[in-house]
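Visitor: I'm new here. Could you walk me through how to read this one?

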Amino acid sequence: MSVSNLLENWAEFRHTHPVNDVPHDPYKWAMSIDLDACTGCNACSVACYAENNIPVVGRDKFQHGQVMHWMRIERYWPEDGRDFPDQGATFLPMMCQQCEAAPCETVCPVGATNHTADGLNSQAYNRCVGSRYCSANCPFKVRYFNWYDYPTTENVWPAEMTQQLNPDITLRSKGVMEKCTFCVQRIRAGERAVKNEGRILRDGEVQTACQQVCPSGAITFGNLVDPESKVHQKWKAQRVELNADEQEKDKEEGGTDLRGYRILEELRPYPSVMYMERVRESAI
Amino acid sequence: MIDNNFDRRDFLKVLGWGGAAVALSGCGNTSVEDGKETVVSYVEVAEYVAPGISVYFNSTCAQCDAGCSISGRVREGRVLKLEGNPDSVINRGKMCGLGQAGVQHHYNPDRVREPLLRSGDKGEAITWDKAYTLIAEKLNGVSGDQIDFLTGSISGHTKALLGNYLESLSSKNHFVYEAVSPAVQRAANMKSYGMEMPRFSINKAKVVLSFGADFLGAWVSPVHFSQQYAEFRKGVDGKRGVLVQVESKMTLTGANADRWLAVRPGTEGILAMGIINALGVAGLSMPSNVQEAAKPYDKERVSKDTGVTTESIVKLAAILKERTPSLVLLGSAAEGYAHGSQNAAAINLLNQVLGNVGKTLEASAAVPFPQIAPTMGNTAALRMVNNRLADGQTKVLFTYATNPVFTSPAELKFKENMAKANFRVAFAHYLDETALQADLVLPLDSALEDWGTLVAEYQPEGVQISVQQPLMEKLHPETRGMGDILLALIKQRQPDAYKSFDDYYAYLRTAMLKNKSEFANSGMDDDVFWNGVLSSGIINVGGNLNKLNSKPDSSIKLPAPAEQDAKYPFTLIPSVTANLRDGRHANQPWLQESPDPLTTIVWDSWVEIHPKKAAELGIVEGDIIAVESKNGAINAQAYLFPGIHPDAVSIPLGRGHEAMGRYAKGYGVNPFQILDRVFDEETGELAMHETKVKLSKVGKRVIVVKDEGFAGGAQHGKKIAMTKSSDQVDLSEEV
Amino acid sequence: MHRFIRFSILLMGLFAASSSYSADAALEPLTTADDLGPAIEQPIEFPHNRHAGLRNPNDPSNSDPLKGGMEINCMYCHTYARRGSVAGIPPLQKCIGCHQNIESVRETPRIKKLFEYWEAKKPVPWKKVHDLPDFVRFNHERHIKRFVFQQNRPVQEVCGACHGDVKTMTVARRQKSLAMGWCVSCHEKDHVVAAAGGMPVGSQAYWYSFKKPALNGAGVAVAKGPNDCSSCHY
């Protein structure tokens, strides 16, 4: 470390926004989640536990808000004051939105969370000192802190259960912040594998754990800057742009009949996850 | 010198400044370790196995009986994660949360590791040889009609071997019991369509009207139906499918419905007849006897009986008439009530009137090998076993894949009756409530380390035999696969039988090879065929279609809605959730920590009460409520839930274990215990929603542990989870 | 009064901080002195010099003047290096594969011990010498693919860059610091990205990293290695 290093090269490690000056090339990982297809079954949440070595905290810690599920399913009732929720509930899978202008990245005192060139919000566990400023700043509240040392806590991974742990991802210890990484271990492994063939990843070659398990296929994940990818086509069809804090289509008179939107867009974090509104039949 | 004004606050400020400055200097040391860890290399290994590289093997998930095919990621000789097998027509590469937790079952710290023999209150570990000898001893002199086998649903070659073992014992007493089973539906389907489980095509329907069938959650084959559901929502001819759910307590499928209709418990059949009546009024042509039968069910009467508005009935009839084909599904409306079969007949009649038979409800294929075809469980079997035990007719009881001490209503006194048998053997993975009552507990291999075949009851395309192969070496050296145990037991009785088979694997392989011509080109090399079977994990057999014999039955007699009991004014609806089901997976912590989708509650049970009713009774969230039926009382925390009929309360099944393991024991309460003994009149199945209860506050209040988030599940005007009405959306342009 | 003390403590702290900065020269690779790691005792003292060492006994760079080495390619045994993230210790059958036919050393103490493990079908419990912390993911394959297969450098030079001159050792001993700064110092060098100069194979995308290849003054395409945190820490 030197003073000059601190002053000069620090900015290169943070991706500034907007991106048009440094376009994402060749990857920008993004997701599209169809709320009409999501059934709320929680398979994605359990698959995430399996893939990412997420500890089970138990009832007491859950009660204290010390939950660890990187992917959670939020349930919203329609707020129409009726006796019964007769149009059902809306289930919302919520995980790290990998914001392009992430509010968490700017406030880390030690620079443990940064933006990668392929559009992910990275978390370096060994750098994190546990200030928790990032989770305070996150508007989606998708950052989870290891309040305890779960690898050594009783009944979290007892006896043979340690054999289930995924060796491709770090096992976090106490005092470290963690969150959804879009299964970065799968992305990196996939990128390395295709480098042997001298090419980049094609759509569908890397699937996040949640996308792979979702029985109704509500989650689409892929490379936003690859015109062949489903996620690129979905964003385009829904006229949702990554770099806008207010979409063109929303400024039009009378709105549109498109379903795509991003959550808390008005706070300008430029999330990389697009949600498609749930639909309910009007004829019944 | 420092004067006296230098207090604690100043001291901390100084410390802070100094500390911050030093912290900036960073660190130069590494955490590279030298010679601390050991590298364990292989001794002798196949060429494709390399440290750091995963190999995928296909097998079958055994967490429920849908028979989804899985692909296990194996690294360094251990299975890490399960994915769906894309080649299976049942799950097409997808899985559910319950399936994902299969690894937690396999690696569970509370699995039984060696044969245990009862010695007083404890279990003494013995060898397998001793266990087999003991079984032979205890069976000596016992005639076949005094030996009972109580199992869960069973199929595949394990079923064939079990049948052979029973034959060798001269016993015909194989009882197949499932605490949660669509048994009334099967009987009703048989009467209405000529087959127990026809094929449903939700993706071909324009409207799905489900009477309590939680097909996205825990009904029949949820992973398969979820995929059909996704296609259904994209729409046939660009028109998005419409889902209407009719039930008394909202299930996961109900939460996804375009219209959820809360009905008075038990009146689903009346509603179905009301819809037929309304269809007739709307001009749909139907046989005259059906129209006659539906005449008394005019919309005013139906609305009064069921609580569904006349407007809804008319709208529903209109949309069913206009958008065809539709599909009517039968679920808890059948299983719940003493008149469940009549409900089912009315609901199936609706399907026939709408002309769905042959379009979205089609014939399923017959399994060409009856020995391995699935035998599905029902609750009537438990009554039979219980009666036999109570009368002293059963001397030796074997239990496998079932936990009746946990799932039977306390009124049946199954635990006491079980004690009357001379010798009780439990084939078990855990020391659950039933195993604790046994004299001998034999530990089983988990599904991920065993061989086997599984034929699912619900077959979406042809007949698929799902193959199970070990994804890794046995974790515990003294567990055995059920197939191997059965072979050993058969050889005890008939030493010459199966003597050419060293183990279950050899038996399985030979059995499959014998029928090679059914599955593949008969000229194919044996090894090539067998390796192909193992590598794909499934065998597709064409199978002849059963004959769909649709018989509209207009002689439906539905009882009037039950009067409210003054003493027990509420109907208890024990709910079946996707992750817990009948409680067999309660010791898998991911499932305990996975929030219930409707209430977001974790690790505990709850009583769902409609907010209006709760206000009347002065109940707030977290109040501990004693839910008391004629047969007992259980206490659970109250949860105000708008998705339930005000006359009903709901407690989830699956929690309330007193044994089984560290993640199951002591969490929640068990509604199975307090169920009233009311049975469906036609089939004798336990009517699950006929328990009447009263509520009383115990006087304690707790904080409900749930995952509703900081806003309690409300959006406060922010655009978080948005909904659009179908007339404001254009789905045709979507990718 | 205590305002003065606060200020002076602050100054002392800042002085200490800045002096530790200047102690490390900016961005130069740490010098790699020999014998940085301790000598680790292994269950069998495997002689890398005998197996990988140079053949010619008259060659001054040969470690053992009495017997020649066999110049076995590192990747013959550590075969997983070009296939995955870990180079790995070879399975016991690799050793036995040759040694079952070498009568001349069959009764020596180390080989006898080797066969004891083989008879018992037990793996040799080697101690890990190059042990990066668990939060680092180092991928051998990409480095081998780049430096051995793409740039055609000799294998021992490539492996030796991080593992030292193993052909002069018996059991391996860590020769480099393996600290993050040390790895980064190499990643920040401008490496030639194509063996014969010119733009790399498979278009720029193949060489994805934060810093794209560019032509340097001499018209050769050079690029730096990945410096994205999530390349190694995830």
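Guide: Let's start with domains, whose bounds come from an automatic or database domain assignment. In this predicted model, the C-alpha centres of domain 1 of chain B and domain 2 of chain B lie 39 Å apart. Four residues from domain 1 of chain B and four residues from domain 2 of chain B make up their contact; two residues are in contact if their C-beta atoms, placed from the backbone, lie within 7 Å.

Visitor: Where do the domains of chain B run?

Guide: Domain 1 covers 116-176 + 369-459 + 479-504, domain 2 covers 183-362 and domain 3 covers 570-701.

Visitor: And how many residues does each chain put into the contact between chain A and chain B?

Guide: Chain A brings 68 residues and chain B brings 77 residues. On the chain A side, helix H2 (43-52), strand E2 (72-76) and helix H7 (230-237) are among the elements that each supply at least two residues. H2(A) gives the most, with seven residues. Helices (H or I, at least four residues) and strands (E, at least two) are DSSP runs, numbered from the N terminus.

Visitor: How do strands pair up?

Guide: Two strands pair if DSSP finds at least two bridges between them. Here, E11(A) and strand E27 (residues 723-725) of chain B run parallel, joined by three bridges. For A:Arg278, the bridge partner in E27(B) is B:Thr723.

Visitor: Anything on numbering and confidence?

Guide: Residues are numbered from 1 along each chain as its sequence is written, while chains are lettered from A and ligands numbered from 1 in the order in which they are written. As for the predicted model, local features need pLDDT of at least 70, side-chain atom pairs count only at pLDDT 80 or more, and totals for chains, interfaces and linings use all residues.
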